[in-house]
Amino acid sequence: MKPIALSPASPRGKSESRFSRRTLLAGGTAAMVAHWTSTALPCYGATPWIDHRNFGPFHFHATFPMGDLTPIFQELSALEAELQRTLAVPPAEQPVDVYLLGSEREHRNLLKQLYPRVPYRRALYVQRSGKGSVYAFQHHDLAVDLRHECTHALLHTNLPMVPLWLDEGLAEYFEMPASERAFNHPHFSKLRWNLRFGMLRGIDSLEKCHDLSEMGGAEYRFAWAWVHFMLHGPLPAHRALLHYLSDIRHGNPPGQLSERLDRAIPDSNKQMAQHFKRWRR
Ligand SMILES: [Zn+2]
């Protein structure tokens with residue numbers, strides 16, 4: 001059985017419970033396999049899934065009426081087209097189930113029942129045998145959590161693997177509403193302070209993060225920064241990212257993205273720093 005890979009807390013922001021959050025259950029535990037083969041939807045105790053809605057590739061199931069969430073669902077549905085436009089990642093090959101609980105208590109109880117060995121997460125993406133599921137609950141930042149986790153889900157429906165740092169960097173980028181991604185991400189201010197004092201994490205150092213416990217606040221911030229640079233910086237950087245993802249999708253050995261970027265832009269660290277110094281609306 002392959003190890004369970006957990007996503008760590010995303011340590012930026014005020015709340016320590018602002019977790020990031022992917023779980024790849026390649027082999028799965030026996031208990032979980034039994035559960036998933038015996039029930040179509042996860043269910044526990046007396047709390048039923050009373051509302052079901054489909055938007056794009058996402059099948060939403062909730063323990064409460066979801067009418068108020070329609071704008072968020074429409075936005076998530078548009079995320080698929082946005083990943084196609086910016087990353088050339090094709091539409092999801094199979095639907096992604098999104099399970100929404102009415103309270104943190106319900107969410108915590110469900111996760112404890114389904115994944116007893118997985119540390120609690122405020123929101124969670126789980127992949128097992130290529131099938132993706134997202135778990136979250138109603139709260140103020142639900143939309144951010146859903147955009148983040150659903151980005152993981154859409155990436156993993158098409159790509160057999162995504163390096164940890166890039167997976168999190170992309171999810172951090174797309175977790176913001178579309179109108180705020182380029183200029184208003186909370187990472188901006190701290191990143192600019194980092195760069196002002198000469199602190200810069202290269203992609204090659206982020207590529208050494210193979211365990212989610214190695215991803216702290218700086219790693220999330222610089223993973224996001226490199227994604228921003230590749231999406232909004234020099235065209236060769238964007239091309240390097242697209243070709244890298246394409247090779248992963250087609251089963252070609254992708255190598256390291258840092259090496260591709262070095263070939264495309266020999267002074268990429270310097271250019272990344274300059275990109276953010278000049279980046280203004
Ligand atoms: Zn994440």
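Guide: Helices (H or I, at least four residues) and strands (E, at least two) are DSSP runs, numbered from the N terminus. The chain has 11 helices and 7 strands. This is a predicted model: local features need pLDDT of at least 70, side-chain atom pairs count only at pLDDT 80 or more, and totals for chains, interfaces and linings use all residues. Residues are numbered from 1 along each chain as its sequence is written.

Visitor: Why does Val162 count as buried?
Guide: A residue is buried if 20 or more other C-beta atoms lie within 10 Å of its own, exposed if 12 or fewer, and partly exposed in between; C-beta atoms are placed from the backbone. Val162 has 20 C-beta neighbours inside 10 Å, so Val162 counts as buried. Val162 sits in the loop between α4 (142-158) and α5 (164-174).

Visitor: Which residues does Val162 touch, leaving out those up to four places away in sequence?
Guide: Leu155, His156 and Asp167. Contact means C-beta atoms, placed from the backbone, within 7 Å.

Visitor: What makes a set of residues a nonpolar core?
Guide: Its members are buried Ala, Val, Leu, Ile, Met, Phe, Trp, Tyr and Cys residues, joined through C-beta atoms within 7 Å. The largest one here has 61 residues; Ala223 and Trp226 are among those touching the most other members. Helix α8 (residues 217-232) gives the largest share, 9 residues.

Visitor: How much of the chain is buried?
Guide: Of its 281 residues, 37% count as buried.

Notes. Contact = placed C-beta atoms within 7 Å.
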